[in-house]
Amino acid sequence: MPTVKITIDGTQIEADNKRTIIEVAREHGIKIPHFCWHPKLSVSGNCRMCLVEIEKMPKLAIACSTQVADGMVVHTKNERVVHARNAVMEFLLINHPLDCPICDEAGECKLQDYTYKYSTGYSRFDEDKVHKPKRIQLGPHVMFDAERCILCSRCVRFCDEIAGVHQLQFIQRGDHTELTTFPGEKLDNPYSMNVVDICPVGALTNADFRFKARVWEMSFTDTICQGCARGCNIEVGVRNNETLRLTPRRNDDVNGYWMCDHGRLDTFKFVNAENRIKAPMIRKDGVLVEVGWDEAIARVASELKSFKKSEVAALGSPFATNEDNHIFQRFVKEVLGTKNVDFVRHIVEGDEDNILLRSDKTPNSIGAAEVGVAPVEGGMSFDAIIEGIHEGKIKALYALEDDVAAVPGVAEVLPKLEFFAVHAANENSTTRYADVVLAAATFAEKNGTMVNFQRRVQRLRPAVTTLELDRAMDGFEMSRWDKFAAHNDKWGKGPRRDARASWKIVASIAAAMGTKFKYNSADEVFNEIAQRVESFKGLSYLKVGKKGAPLKAKAMAPVHA
Amino acid sequence: MERYILPDIPNFHEIDVYEQHGGYSALKKALGMNPAEVTDEVKKSNLRGRGGACFPTGLKWTFMPKDNAKPKYLCVNGDESEPGTFKDRQIFEFNPHQLIEGTLIGCYAMGITTAYIYIRGEYGKWIKMLQKAIDDAYAKGYIGQNILGSNFSTNIYLHKGAGAYICGEESSLMESLEGNRGYPRVKPPFPAQRGVWNCPTTINNVETMTNVPLIINKGWEWYSKIGAPKHPGPILVGISGHVNKPGVYEVATGELLTDLIYNYAGGVPGNKKIKAIIPGGSSTMILRGDQIEGVRMDADSLKAAGSSVGTAGMIVMDEETDLIRVISRISKFYYHESCGQCTPCREGTGWLWKILKRFETGEGRMQDIDLLVDIANNIEGNTICALGDAAAWPVQSMVRRFRDEFEKRAKRSEAAAA
Ligand SMILES: Cc1cc2nc3c(=O)[nH]c(=O)nc-3n(C[C@H](O)[C@H](O)[C@H](O)COP(=O)(O)O)c2cc1C
Ligand code: SF4
Ligand code: SF4
Ligand code: SF4
Ligand code: FES
């Protein structure tokens with residue numbers, strides 16, 4: 001692409017022709033305020049917040065739609081531009097309800113932020129405001145307040161251009177213009193809640209999160225969605241050790257700015273759920289009762305020792321991290337010495353789209369396989385293990401966190417086992433059959449990595465603390481440390497479960513059986529994976545970073561001419 | 001002056017009568033020329049658009065790309081919704097075939113095979129009349145396949161608006177044609193680059209296109225000598241307000257405003273003095289009655305006087321007119337018609353009207369006067385389309401030229417409050 005030379009606020013910049021001023025400025029750290037422009041949506045040019053002066057042009061121009069041209073001299077901060085911006089801010093606010101004290105958006109509102117940054121802080125408007133409907137349910141997950149809407153059309157464009165469904169439109173004209181759904185339509189596409197994130201004001205709110213917390217009371221941790229093999233990059237919002245909200249985090253290689261509603265709503269509530277396994281449990285007289293870790297571990301170790309190697313089977317998990325699965329497969333192969341190891345895949349054929357959602361409903365099936373959770377030569381695969389239990393050949397089963405009893409045909413055979421130990425975070429159909437339930441930390445409580453369907457390694461980070469994490473803050477972000485006992489986010493004082501990362505539990509069982517796996521933290525486990533597994537060679541937590549890193553391509557079979 | 005747009009011939013709207021008086025001969029002549037020559041002829045004639053901006057028509061036609069595989073379109077703008085403007089409907093009623101002929105010539109010049117005539121939806125009677133004219137022209141082979149046995153084919157479709165002034169703005173008109181909400185588009189890209197259906201498009205006013213057959217028939221030299229040299233040709237002037245004979249008058253450009261008012265429109269009832277006039281439709285700047293002496297109905301003269309030709313819809317107001325009510329009503333119109341897309345116009349038009357309404361009901365304050373100007377200044381030039389400017393100009397000019405009226409009101413209401 002031909003390049004051009006332009007000047008923005010005195011800085012000379014070389015830029016690609018055809019790009020817009022706002023894009024070029026952004027890439028060079030010059031922020032031009034904007035409401036309607038969004039990097040992934042078409043340009044609509046309606047808010048007029050991005051007006052800039054271009055020398056030799058009589059009128060101010062909008063930076064979001066004006067393409068750079070050679071020799072262009074742009075001013076984004078001079079008096080004329082500041083005046084125009086003040087005017088736009090004043091216009092935007094005259095009919096705005098100024099609901100900030102009761103508005104969910106407050107604290108992360110572009111209008112509020114810009115009011116501080118780019119307005120005079122004073123209004124000359126002395127007339128009656130236009131009133132519009134409030135508290136409208138646009139769809140199952142999104143609430144709308146028409147008075148707060150600044151009519152930027154981001155939500156409309158999102159539905160049209162990203163979700164690919166025409167559900168939103170404006171009606172009426174002038175300052176009576178109002179967003180609504182088309183007749184007979186609801187805002188119910190599988191990505192509907194992204195409009196909440198891109199709405200620059202509190203007009204669109206998350207029906208699930210509304211009024212649960214002020215944003216400044218929460219702490220945010222960068223992590224990965226668990227809803228499918230896409231592994232959308234997300235932020236977990238936590239207050240008082242309770243996960244309250246997931247929001248997408250930009251990663252152009254994985255999910256852009258988006259996530260699906262299923263991921264946003266259905267993949268974190270189990271962390272706080274009533275049916276959480278709060279501590280290890282052993283079945284006594286037919287009932288699971290909480291015990292200490294030492295007792296649970298000793299029990300699993302002694303039970304597993306009592307079977308012949310061929311009578312034991314093990315199931316890793318596509319819901320567990322690479323670190324969990326790696327230690328697990330080492331334990332199975334080196335300590336238990338059984339060849340019968342596999343994991344269950346959860347593929348829902350056809351349940352995917354060309355936006356984000358994948359038919360593989362687990363976040364780490366590639367990682368589990370890649371680190372070696374697979375039958376050893378001559379060992380049993382998952383189907384064979386189930387068949388083996390049925391036939392009485394397999395008498396003991398040790399499984400990482402996965403509700404395997406929900407797989408058709410499995411629940412029927414589990415009662416035949418003589419011993420069944422499972423890692424679980426919540427009570428589920430599998431824990432009903434378990435002799436020992438090992439309280440597993442959820443994705444929100446542990447450090448680790450997962451591999452998405454693109455073979456990209458991505459980091460999980462703990463956002464919620466457990467008793468164990470209180471002692472070793474493995475992977476906690478500094479911001480969370482700083483918040484320790486801060487009055488707004490008393491996470492150190494909130495409910496904490498006696499749950500542990502699966503790899504640590506496995507290592508304890510190994511130790512009880514006489515084999516020491518010595519790692520202090522998840523990144524040490526990862527370093528070992530990077531040494532031992534070809535596709536992970538050269539990777540480290542540092543290299544994986546916030547945005548992930550690709551696994552090495554599988555070596556291609558040599559081609560013979 | 002002889003009339004060329006609305007000739008004084010009975011039943012001229014009927015195709016036979018039109019043909020008897022040389023109708024469609026310009027089309028025949030054009031088909032014998034090459035398209036670039038036709039455009040050149042229009043360019044040299046200095047015809048300027050009658051839709052409000054006085055843009056040179058021939059120049060506009062040259063913006064259409066020549067080596068483009070996409071189809072091209074012509075939109076003829078008959079939305080005519082500006083207060084004070086009612087001249088295109090005379091063409092629909094009295095001379096629809098000359099409009100059709102001009103449209104066909106434009107299509108030929110620009111290599112266009114589809115033209116839309118976008119007509120104001122409220123124009124029930126004229127919609128029927130124009131449709132009949134189109135049907136008759138099809139029947140006679142002037143529109144359709146291989147027009148007059150040539151290789152040139154074009155269809156003309158009549159499209160009804162649904163009652164929004166904003167759909168007269170060219171890019172909004174195209175959105176409306178496509179079945180979308182009437183939101184103006186951000187320019188660039190301009191219509192000649194990306195117009196209707198994302199294809200190159202030219203938009204011209206009804207009256208503009210009605211001038212084209214004259215130019216082809218009688219040549220650019222003849223045309224360019226009519227009226228004001230830089231803005232030549234016959235022009236339809238709609239005169240309303242306080243005049244004895246309101247109506248549409250065809251004159252040559254450059255006619256004195258005073259002639260238009262006193263000779264054509266028969267002067268002011270009761271011989272009252274003129275307090276103000278709006279020369280070209282409600283969006284043009286208002287002039288004081290004492291500013292119009294020697295001013296002519298052409299682009300340069302009105303610009304020098306501090307206003308513009310617009311659509312030549314002149315509103316005359318006598319000395320007893322309550323200008324505060326006038327400007328309040330004009331502002332209400334732009335407030336009502338703002339499409340609501342861009343911030344300054346959406347919010348500013350309502351604000352202007354609310355303040356002006358207060359002046360009308362005796363609640364205006366001194367500080368509101370400068371505020372009005374400031375709001376108008378903050379709208380002007382900062383919007384997506386020119387409706388923002390159209391809302392700002394009347395207010396700016398009214399305060400500038402009749403500040404005393406505002407001050408009188410403000411003093412009166414402040415005294416009443418005290
Ligand atoms: C708000 C608004 C309304 C308009 N309405 C009309 C209209 O009704 N008819 C018209 O010919 N032009 C109208 N225009 C001007 C058109 O955008 C366009 O300039 C014109 O049709 C071009 O034709 P011309 O070059 O032949 O004058 C309007 C412009 C604006 C900003
Ligand atoms: S609801 Fe939000 S995103 Fe949608 S138009 Fe209004 S302000 Fe913009
Ligand atoms: S697409 Fe998959 S990874 Fe992304 S948010 Fe949805 S469930 Fe989560
Ligand atoms: S200036 Fe007014 S009419 Fe034009 S796009 Fe903006 S809001 Fe709509
Ligand atoms: S960001 Fe450019 S007009 Fe809204």
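Which residues are buried in helix H15 (residues 522–532) of chain A? The first legend answers this, and others follow for further views of this predicted model.

**Figure 1. Helix H15 of chain A and its buried residues.** In this helix, Ala522(A), Asp523(A), Val525(A), Phe526(A) and Ile529(A) are buried. Viewed down the axis of H15(A), these buried residues fall within an arc of 150 degrees, so they line one face of the helix. An α-helix has 3.6 residues a turn, so residues three or four places apart point the same way. Several elements of chain A cover the buried residues of H15(A). Among them are helix H9 (322–336) and strand E21 (448–451). Helix H14 (502–512) and helix H16 (541–544) of chain A also belong to this cover.

**Figure 2. Helix H11 of chain B and its buried residues.** Helix H11 spans residues 257–264 of chain B. Leu257(B), Leu260(B) and Ile261(B) are buried in it. Seen down the axis of H11(B), its buried residues stay within an arc of 90 degrees, so one face of the helix is lined by them. What lies over these residues? The cover of H11(B) includes strand E7 (234–241), strand E8 (247–252), strand E9 (274–278) and strand E11 (313–318) of chain B. Just after H11(B) comes Gly266(B), with a positive phi of about 75 degrees.

**Figure 3. The hairpin of strands E1 and E2 in chain A.** Strand E1 (residues 3–8) and strand E2 (residues 11–16) of chain A pair in the antiparallel sense. Six bridges join E1(A) and E2(A). Thr7(A) faces Gln12(A) of E2(A) across the pair. Two residues lie between the strands of this hairpin. In the hairpin, Asp9(A) takes a positive phi near 50 degrees.

**Figure 4. An open sheet of seven strands in chain A.** The strand order is E15-E14-E20-E19-E18-E16-E17, and the pairing is mixed. Which strands form the edges? Strand E15 (287–290) and strand E17 (341–342) of chain A do, each pairing on one side only. Strand E19 (residues 419–424) and strand E20 (residues 436–439) of chain A run parallel. Four bridges join E19(A) to E20(A). Ala424(A) has Ala439(A) in E20(A) as its bridge partner.

**Figure 5. The shell around ligand 1.** This shell holds 23 residues. Gly49(B), Gly51(B), Gly168(B), Asn205(B) and Thr208(B) come nearest to ligand 1. Strand E4 (201–205) and helix H16 (387–417) of chain B each supply at least two residues of the shell. E4(B) gives the largest share, three residues. By class, the shell has nine nonpolar, nine polar and five charged residues. Why does ligand 1 lie between domain 1 and domain 3 of chain B? Domain 1 (15–225) and domain 3 (323–417) of chain B both give residues to the shell, so ligand 1 lies between them.

**Figure 6. The shell around ligand 2.** Here 13 residues surround the ligand. The closest are Cys149(A), Cys152(A), Cys155(A), Cys199(A) and Ala203(A). Eleven residues of the shell around ligand 2 are nonpolar, one is polar and one is charged.

**Figure 7. The contact of chain B with chain A.** Here 24 residues of chain B are in contact with 26 residues of chain A. On the chain B side, helix H13 (323–337), helix H14 (343–360) and helix H15 (366–379) each give two or more residues. H14(B) gives the largest share of this side, ten residues. The side of chain B that touches chain A has nine nonpolar, eleven polar and four charged residues.

**Figure 8. Domains 1 and 2 of chain B.** The domain assignment of chain B gives domain 1 (15–225), domain 2 (234–318) and domain 3 (323–417). The C-alpha centres of domain 1 and domain 2 of chain B are 27 Å apart. Their contact takes 13 residues from domain 1 of chain B and 16 residues from domain 2 of chain B. The domain 1 side has three nonpolar, five polar and five charged residues.

Notes. Residues are numbered from 1 along each chain as its sequence is written. Chains are lettered from A and ligands numbered from 1 in the order in which they are written. This is a predicted model: local features need pLDDT of at least 70, side-chain atom pairs count only at pLDDT 80 or more; totals for chains, interfaces and linings use all residues. A residue is near a molecule or strand if its C-beta atom, placed from the backbone, lies within 6 Å of it. Ala, Val, Leu, Ile, Met, Phe, Trp, Tyr, Cys and Pro count as nonpolar, Asp, Glu, Lys and Arg as charged, and the others, Gly among them, as polar. Domain bounds come from an automatic or database domain assignment. Two residues are in contact if their C-beta atoms, placed from the backbone, lie within 7 Å. Two strands pair if DSSP finds at least two bridges between them. A residue is buried if 20 or more other C-beta atoms lie within 10 Å of its own, exposed if 12 or fewer, and partly exposed in between; C-beta atoms are placed from the backbone. The arc is that of the directions from the helix axis to the C-beta atoms.
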